[in-house]
Amino acid sequence: MSASREKKQRQNAGPSEKAVKAQQEQAARKRKTILYSAVTAVVVVLVAALLIWRSGIFQSNATAATVGDTTLTTAELSYYYYDARQYYAMYGSYLGFDVSKSDEEQFYNAGDNVTYRDHFLEQALDAAQQHKALSDAAVEAGHTEAEVKDSLNAAVANLKNTAAANGYTYAAYLKAMYGPYMTTGIYEKLYTRYLMANLVYSDKSSELYDGYTQEELDAYYKDNADTLDTIEYSHLYFPAASVETKDSDGNDLSEDEVSKLEEEALADAKKKAEEALKAVEGGSTFDSQKEKYDLTTAGDHVTAVGTNTINSSYRDQLLKQDKNDVKLVETEKGYYVIVLHDRYLADEPTKDIRHILARAENTTDENNKLVAPTDEAWAAAKAKMDEIQAAWDASGKTEDDFAKLANEKSDDGNGTTGGLYTRAQPGYFVSEFNDWVFEEGRKPGDVGMVQHSAEEGDTSGYYGYHLIYYVGDNEPVWMGTARSSLSSEAMTAWLEEAVAGYETALADGAENLGK
């Protein structure tokens with residue numbers, strides 16, 4: 001083969017050594033570019049994942065608990081968790097709970113090694129179980145979410161107002177209240193569930209409360225007379241004076257010397273008590289004896305409902321003595337003079353009324369005490385009441401008309417029940433209101449208006465004009481107490497049955513709470 005042909009064949013066989021090297025360098029650059037691009041993509045994915053993690057999306061949507069066949073995310077369980085926690089957060093200084101520390105490092109019950117986190121999770125599961133079971137029962141009973149829509153909207157509006165007043169948005173306020181995973185949608189979903197549950201709970205409670213017969217109530221009284229009877233009595237207490245434990249030179253007295261002084265002080269208290277007893281037997285009043293001996297513990301015609309409200313130092317003696325007998329009761333540190341005036345079952349009827357308030361706005365001073373409304377505030381309240389009365393006069397003047405007007409116009413916040421108050425007893429309302437309601441001869445359908453100007457020391461704040469519709473008498477207080485006790489026991493049994501089948505368990509997502 002000639003040299004020229006061999007050269008040509010080499011040229012046709014492939015790239016030159018220089019070309020090969022150039023191709024290798026180009027390929028290396030290409031591989032490097034691909035590698036960098038892949039690494040960049042991984043970094044982007046990791047950064048995105050980190051941002052999503054920090055946003056709480058993963059934690060929020062993690063399964064934190066199961067209630068029956070329903071799962072609760074971390075965000076949903078946090079609604080119940082922080083709801084249980086709020087009371088302790090508010091009153092932590094009294095309960096030994098420190099909001100600056102994590103829940104899991106503080107003990108609710110140190111003896112059983114139960115942390116506050118454990119306690120809040122247990123309460124959260126109980127609440128979630130009840131809300132789910134009862135909301136399902138409400139649907140089965142024919143209730144719909146439309147029935148609670150107004151209540152939900154009112155709750156949301158109130159939260160938004162509170163949030164704005166504290167410099168929060170609605171969403172941010174919910175996070176502050178219910179933890180970082182809470183959203184407006186989750187809150188409204190679970191609050192709706194609570195409202196639905198409350199519908200069926202209220203239905204059952206009313207059914208049980210109103211369902212007891214007179215025979216059942218009388219049987220309850222027979223078994224519980226000591227907690228239902230009214231006891232009227234008077235008492236005086238003569239304590240033994242405190243004794244000195246040192247002599248005039250400041251030296252400690254011996255035990256015998258101190259004991260002798262204490263015996264003399266007790267004897268002096270007994271002497272005064274016996275003198276007061278004879279004076280009362282002779283017609284003197286307990287108040288006069290209280291003043292004579294400058295006593296701090298005394299009471300003339302005290303009224304107690306239930307024997308357990310009476311001082312245990314003299315309760316047994318008081319309850320076994322005859323009416324109007326005056327007795328002396330000795331204790332370790334003094335003497336009581338007591339007399340039983342009467343014991344009976346109060347059967348005066350309670351009252352049902354409807355009410356509309358035109359409030360006269362008031363303020364508080366630097367000591368947080370009420371400051372009476374200004375003349376302008378009183379004038380504004382009177383103008384509003386005049387408008388309300390004009391609307392009432394132009395109506396059919398039925399109870400339903402009054403209820404509608406109360407829902408529309410009243411300032412007392414009872415705007416969804418027609419201003420209705422049931423089973424009221426003396427002392428339930430402010431003084432002028434109370435006097436009108438319990439006036440002798442009051443008849444169903446009576447309507448009246450009173451003005452309440454709070455007295456010094458009054459903390460009610462209900463300054464203003466009160467328009468009152470007298471609905472009528474209701475049963476005595478003791479019957480309401482009996483119904484409440486009986487229905488409470490029955491409701492507990494009903495609730496236990498209602499949640500059966502809604503077993504609860506925590507899941508991994510619960511680890512995100514209370515840390």
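The side chains of Lys-515 and Glu-511 are joined by a salt bridge with an N to O distance of 3.2 Å, a salt bridge being a side-chain nitrogen of Lys or Arg within 4 Å of a carboxyl oxygen of Asp or Glu. Salt bridges with shared partners link Glu-104, Glu-511 and Lys-515 into one network. The model is predicted, and for this reason local features need pLDDT of at least 70 and side-chain atom pairs count only at pLDDT 80 or more, whereas totals for chains, interfaces and linings use all residues. Residues are numbered from 1 along each chain as its sequence is written, and side-chain values use heavy atoms, with hydrogens and water left out.

The protein chain contains 18 helices and 15 strands. These elements are DSSP runs numbered from the N terminus, helices being H or I of at least four residues and strands E of at least two. Of the 515 residues of the chain, 35% are classed as buried; buried means under 20% relative accessible area, exposed means over 50%, and partly exposed lies in between, with a 1.4 Å probe and protein chains only. The accessible surface of the chain amounts to about 30,600 Å², and carbon and sulfur atoms contribute 48% of that area. Accessible areas come from the Shrake-Rupley method with a 1.4 Å probe, and for residues only the protein chains shown count as cover. Among contacts in the chain with a separation of 6 or more, 66% involve residues 24 or more positions apart, where contact means heavy atoms within 4.5 Å.

In the whole structure, 22 salt bridges are found. Side chains of opposite charge can pair when their charged atoms come close. Arg-442 takes part in a salt bridge with Glu-439 at 2.9 Å, N to O, and in another with Asp-446 at 3.3 Å, N to O. Arg-442 itself is buried, at 18% relative accessible area, whereas Glu-439 is partly exposed at 44%. Asp-446 is likewise partly exposed, with a relative accessibility of 23%. Glu-511, the partner of Lys-515, is also partly exposed, at 45%.

Strand S1 (residues 63-67) is paired with S2 in the antiparallel sense through four bridges, and Val-67 lies opposite Thr-70 in S2.

Strand S7 (residues 326-331) and strand S8 (residues 334-344) are paired in the antiparallel sense over six bridges, and the two form a hairpin with two residues between them. Within this pair, Lys-327 stands opposite Ile-338 in S8, and Leu-328 faces Val-337 in S8. In a regular strand the side chains alternate between the two faces of the sheet.

Phe-286, Gln-289 and Tyr-293 are buried in H13. Viewed down the axis of H13, the buried residues fall within an arc of 60°, and therefore line one face of the helix; the arc is that of the directions from the helix axis to the C-beta atoms. An α-helix has 3.6 residues a turn, so residues three or four places apart point the same way. The buried residues of H13 pack against S5, H12, S6 and S8. Directly after H13, Asp-294 adopts a positive phi of about 55°.

Technical notes: Two strands pair if DSSP finds at least two bridges between them.
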